[in-house]
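I opened my notebook to look up the ring pairs first, then the surface.

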Amino acid sequence: QVQLVESGGGLVQAGGSLRLFCEVSGRTLSNYTVGWYRQAPGKGYELVAHITWSGASTYYEDSVKGRFTVSIDKKTVSLQMNSLKPEDTAVYFCTAASSSIILLISPDYWGQGTQVTVSS
């Protein structure tokens, strides 16, 4: 079994920065892809970034390109968020799947989520 535990959310003013962390425990996730989904109030889930366990490949949704950076260090996946906008307000979930395609369709594992609120 795999557990994903997020931390680092909070309240920040527009233009500020936050760093989210996802601590992975349980069995090894070699060859897995770890991603960050978010869900804004009243909206569906949106995949904003993902990274392969090796760190060799990353993906960013268009609205966060150039502002967000996903990275991995041992068993912690981070999401550095800069130049935050009010529309980035959402609950952010760490997820993992055996491939990027499965991550996009239905991740195998989900964390409990962490709230990010960006005030204008």
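**Aromatic pairs**

I counted 5 aromatic pairs, taking rings of Phe, Tyr and Trp (its six-membered ring) as paired if their centres lie within 6.5 Å. I kept in mind that this is a predicted model, where local features need pLDDT of at least 70, side-chain atom pairs count only at pLDDT 80 or more, and totals for chains, interfaces and linings use all residues. Residues are numbered from 1 along each chain as its sequence is written, and side-chain values use heavy atoms, with hydrogens and water left out.

I looked up Y37 and W110: the ring centres are 5.2 Å apart and the planes at 35 degrees, so I noted the pair as tilted (under 30 degrees is stacked, over 60 edge-to-face, the rest tilted). This pair links distant parts of the chain, with Y37 in strand 4 (residues 33-39) and W110 in strand 10 (residues 109-110), 73 residues apart. Strands are DSSP runs of E, at least two residues, and helices are runs of H or I, at least four, numbered from the N terminus.

Buried or exposed? Y37 is buried at 5% relative accessibility, while W110 is partly exposed at 36% (buried is under 20%, exposed over 50%, partly exposed in between, with a 1.4 Å probe and protein chains only).

W110 also pairs edge-to-face with F93, at 5.7 Å between centres and 75 degrees between planes. F93 is buried, at 11%. Ring pairs join Y37, Y45, F93 and W110 into a cluster.

**Helix 1**

I found I105 in helix 1 (residues 100-105). I105 is exposed, with a relative accessible area of 67%.
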